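Hi,

Here is the structure I promised to pass on. Have a look at it first, and then read my notes below.

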Amino acid sequence: MRCVIRNLRGVVLVSTDNPAPERFFNLCRMKKIRIWDITKTDKGCQFSIGAADYLQLKEPLKKCGMKLVILRKTGLPFFMFRYRKPVSYTHLTLPTILRV
């Protein structure tokens with residue numbers, strides 16, 4: 001159930017090159033930013049974070065001097081953005097002109 005809700009809200013897989021990200025994780029915990037699936041890599045670590053929480057990472061990143069790299073975006077918000085239909089203004093104005 002938790003996996004379905006996460007996919008509806010969107011999940012971002014992020015990587016960092018910082019070898020000691022403990023301070024960053026503590027600051028995220030204080031800001032109530034949820035991080036899960038933390039794995040250590042050769043250079044740093046990878047973790048998953050919600051799409052809405054990703055926007056709140058600016059302050060903790062600035063305090064720690066870290067930079068993040070987005071590896072993958074999954075979930076409904078990113079799917080809808082990728083497959084949206086282009087809308088032209090002629091489709092919107094033509095019915096109003098014909099009604100007059």
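Predicted model: local features only at pLDDT ≥ 70, side-chain atom pairs only at ≥ 80, totals over all residues.

You'll find K32 in the loop that runs between α2 (22-30) and β2 (35-40). Is K32 buried or exposed? Its relative accessibility is 72%, and exposed means over 50%, so K32 counts as exposed.

There is another residue like this. D37 is not a glycine either, yet D37 has a positive phi of about 55 degrees. D37, though, sits in strand β2. With a relative accessibility of 54%, D37 also counts as exposed.

Now back to the helix. Which residues of α2 are buried? They are F24, F25, L27 and C28. If you look down the axis of α2, these buried residues fall within an arc of 160 degrees, so they line one face of the helix. The general idea is that an α-helix has 3.6 residues a turn, so residues three or four places apart point the same way.

What do the buried residues of α2 pack against? Their partners are β2, β3 (45-50) and α4 (58-64). Turn to the face of α2 that points away from its buried side, and you'll see the exposed residues R29 and M30.

So, to recap for α2: its buried residues line one face, while R29 and M30 are exposed on the face turned away from the buried side.

Cheers

Notes. Residues numbered from 1 in each chain as written. Heavy atoms only, no water. Helix = DSSP H or I, 4+ residues; strand = E, 2+ residues; numbered from the N terminus. Buried < 20%, exposed > 50% of the residue type's maximum accessible area, 1.4 Å probe, protein only. Arc of directions from axis to C-beta. Contact = heavy atoms within 4.5 Å.
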